[in-house]
Amino acid sequence: MIQFSCLTDIPNMTKGLVRELRVRWMLEELGLPHESVIYSHPETKKDPYLLLQPFGQVPYFKADDLQMFETGAILIHLALKYNKFLSDEEIERAHTLQWMFAGQTSIEPFLFHLFLLKFDPEATEKTKEKAQQICKDRVRVLSEQLGEKEFFGKSFSIADIVMTTVLRSACMSNFLDPHPNLLSYMNRNEARPAYKRALSEHVKLYKE
Ligand SMILES: N[C@@H](CCC(=O)N[C@@H](CS)C(=O)NCC(=O)O)C(=O)O
């Protein structure tokens, strides 16, 4: 049985933002049986957890003889193994990977930085405004690039799993409001039955 790790005892404000949701969503899309292994935050910082995820983060992923970490790599592995959500046509595949990495490296770190600043008592208003502006600019470029397209590639792909989950925190800060195409993109992807199933399992980890 495929297994992946997730956290319990984590703040309610991270609901729907933890990266394990991406792996859940992919597994639901693929219709693969899976189980999540739940850890407390302190447990992830010591052995035996560190043997599975050396940075002490979630998720790790285990299937048969394979043990790995890094959400993006897990999604690529699953897409290649099951030949879904990553085209085998060279140009389309390259563009899917481009948008997947754009989500993870050109958008997510800036949104995360802003998230951290919000809870940093030493962060000045000026620093927060600057960080906000970077996020707004990145989201604007994304909106321009998506244009009237349904997805970042020709069809739904691992790039959309990453981008949708990355943009959830941008949604919470209302950064998508000036961009109806991105709002429709989010609605379209979040309406997928596999996403709904994944999110419903994910939120069960949180105590109200
Ligand atoms: N690059 C890693 C990042 C994993 C990561 O940041 N996990 C967060 C949850 S989204 C975590 O475990 N945070 C708790 C911590 O760092 O102590 C991946 O994509 O898998």
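The model is predicted. Its chain is divided into domain 1 (2-85 + 194-203) and domain 2 (90-192). Helix α6 (residues 158-172) is largely enclosed by the rest of the structure, because 12 of its 15 residues are buried.

**Domains and their contact**

- The C-alpha centres of domain 1 and domain 2 are 21 Å apart.
- Contact between them involves 13 residues of domain 1 and 13 residues of domain 2.
- On the domain 1 side, α1, α3 and α8 (193-203) each contribute at least two residues.
- That side of domain 1 has 10 nonpolar, 2 polar and 1 charged residues by class.

**Strands**

- β1 (residues 2-8) pairs with β3 (residues 60-63) in the antiparallel sense, over 2 bridges.
- In this pair, Phe4 stands opposite Phe61 of β3.
- β3 also pairs with β4 (residues 66-69), again antiparallel, over 4 bridges.
- Here Ala63 stands opposite Leu66 of β4.
- The hairpin of β3 and β4 has 2 residues between the strands.

**Helix α6**

- α6 has 15 residues and spans 22 Å from first to last C-alpha, close to the 21 Å expected at 1.5 Å a residue.
- Its buried residues include Ile158, Ile161, Val162, Met163, Val166 and Leu167.
- Asp160, Thr164, Thr165 and Ser169 are also among the buried residues of α6.
- The cover over these buried residues includes α1 (20-30), α3, α4, α5 (125-146) and α7 (180-190).
- Just after α6, Asn174 takes a positive phi of about 65°.

**Phe85**

- Phe85 is found in the loop between α3 (71-82) and α4 (90-118).
- Phe85 counts as buried because 22 other C-beta atoms lie within 10 Å, and the cut-off is 20 or more.
- Leaving out residues up to four places away in sequence, Phe85 touches Glu29, Ala79, Phe156, Ser157 and Ile158.
- One of these, Ile158, is a buried residue of α6.
- Phe85 and Leu30 are 55 residues apart in sequence, yet 9.3 Å apart in space, C-alpha to C-alpha.

**Ligand shell**

- The residues around the ligand are Val18, Arg19, Gly56, Gln57, Val58, Phe69, Glu70, Thr71 and Gly72.
- By class, this shell has 3 nonpolar, 4 polar and 2 charged residues.

**Cis peptides and positive phi**

- Most residues other than glycine have a negative phi, and most peptide bonds are trans.
- Asp47 and Pro48 are joined by a cis peptide bond, with omega about 5°.
- Pro48 sits in the loop between β2 (34-40) and α2 (49-52).
- Pro59 lies in the loop between α2 and β3.
- Asp64, in the loop between β3 and β4, has a positive phi near 50°.
- Asp64 counts as exposed because it has 7 C-beta neighbours inside 10 Å.
- Asn83 also has a positive phi, near 55°, and is found in the loop between α3 and α4.
- Asn83 is exposed, with 9 other C-beta atoms within 10 Å.
- Phe85, found in the loop between α3 and α4, is buried.

How values were computed
Residues are numbered from 1 along each chain as its sequence is written. This is a predicted model: local features need pLDDT of at least 70, side-chain atom pairs count only at pLDDT 80 or more; totals for chains, interfaces and linings use all residues. Two strands pair if DSSP finds at least two bridges between them. Two residues are in contact if their C-beta atoms, placed from the backbone, lie within 7 Å. A residue is near a molecule or strand if its C-beta atom, placed from the backbone, lies within 6 Å of it. Ala, Val, Leu, Ile, Met, Phe, Trp, Tyr, Cys and Pro count as nonpolar, Asp, Glu, Lys and Arg as charged, and the others, Gly among them, as polar. The expected span of a helix is 1.5 Å times one less than its number of residues. Domain bounds come from an automatic or database domain assignment.
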